[in-house]
Amino acid sequence: MFARFKKTHLSDLVKLSGVFIGPGIEADGEIKTEDDVFIDAKFKGNIISNGVIELGKNSSFVGSLQARSVILEGLAKANVNSQDSINLAGCSEFSGTAQARNIIVEKGAVVNAKLSTEKN
């Protein structure tokens, strides 16, 4: 009677509405958007979003990130500022600085960074 909904990853949703930069692409520059951003490529520059920024497993990022929430799964050398949370996945390698209300570091993540959190 009712259709079953599959569990959807953010990257799948961003492909439909938002900024998507996929494998095989190398880009430099600045992105400013109200939408979510998913990058699974080499990117050097600055990204500002009022949504979620996700760096996929194939990403290599150098620059700065500013968003409501940030998910790091790939390689990132960055200054990251988030209003809500930063999630460093177990497959991520991160160096730089990170500031957010909440920072989650999953088992297996490689981190060489200054992390700072704010009191809720």
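**Close-up 1: Strand S5 and the way its side chains point.** Strand S5 covers residues 52-55; Val 52 and Glu 54 point one way, Ile 53 and Leu 55 point the other way, and all are buried. Here "buried" means under 20% relative accessible area, with exposed being over 50% and partly exposed in between (1.4 Å probe, protein chains only). As a rule, side chains in a regular strand alternate between the two faces of the sheet. Strands (E, at least two residues) and helices (H or I, at least four) are DSSP runs, numbered from the N terminus. This is a predicted model, where local features need pLDDT of at least 70 and side-chain atom pairs count only at pLDDT 80 or more, while totals for chains, interfaces and linings use all residues. Residues are numbered from 1 along each chain as its sequence is written, and side-chain values use heavy atoms, with hydrogens and water left out.

**Close-up 2: The partners of S5.** Two strands pair if DSSP finds at least two bridges between them. Strand S3 (residues 37-39) runs parallel to S5, joined by 3 bridges, and Phe 38 stands opposite Glu 54. S5 also pairs with S6 in the parallel sense, this time over 4 bridges. Look for Ile 53 there: its bridge partner in S6 is Val 70.

**Close-up 3: S7 and its partners.** Strand S6 (residues 60-72) and strand S7 (residues 75-88) pair in the parallel sense over 12 bridges, and Val 70 turns up again here, opposite Ile 86 in S7. S7 is joined by 7 bridges to strand S8 (residues 93-100), and the two run parallel; Ala 76 stands opposite Phe 94 in S8. Strand S9 (residues 102-105) runs parallel to S7 too, with 4 bridges, and Leu 88 faces Val 105 across that pairing.

**Close-up 4: The largest nonpolar core.** Ile 47 and Leu 65 touch the most other members of this 24-residue core. S3, strand S4 (42-49), S5, S6, S7 and S8 each supply at least two of its residues. A nonpolar core is a set of buried Ala, Val, Leu, Ile, Met, Phe, Trp, Tyr and Cys residues joined through side-chain atoms within 4.5 Å. Beyond its neighbours within four places in sequence, Ile 47 is in contact with residues including Ile 31, Val 37, Ile 53, Phe 61 and Leu 65. Contact means heavy atoms within 4.5 Å.

**Close-up 5: Thr 33 and its surroundings.** Thr 33 sits in strand S2 (residues 26-33). Thr 33 counts as buried because its relative accessibility is 16%. Not counting residues up to four places away in sequence, Thr 33 touches Val 19, Ile 48, Ser 49 and Asn 50.
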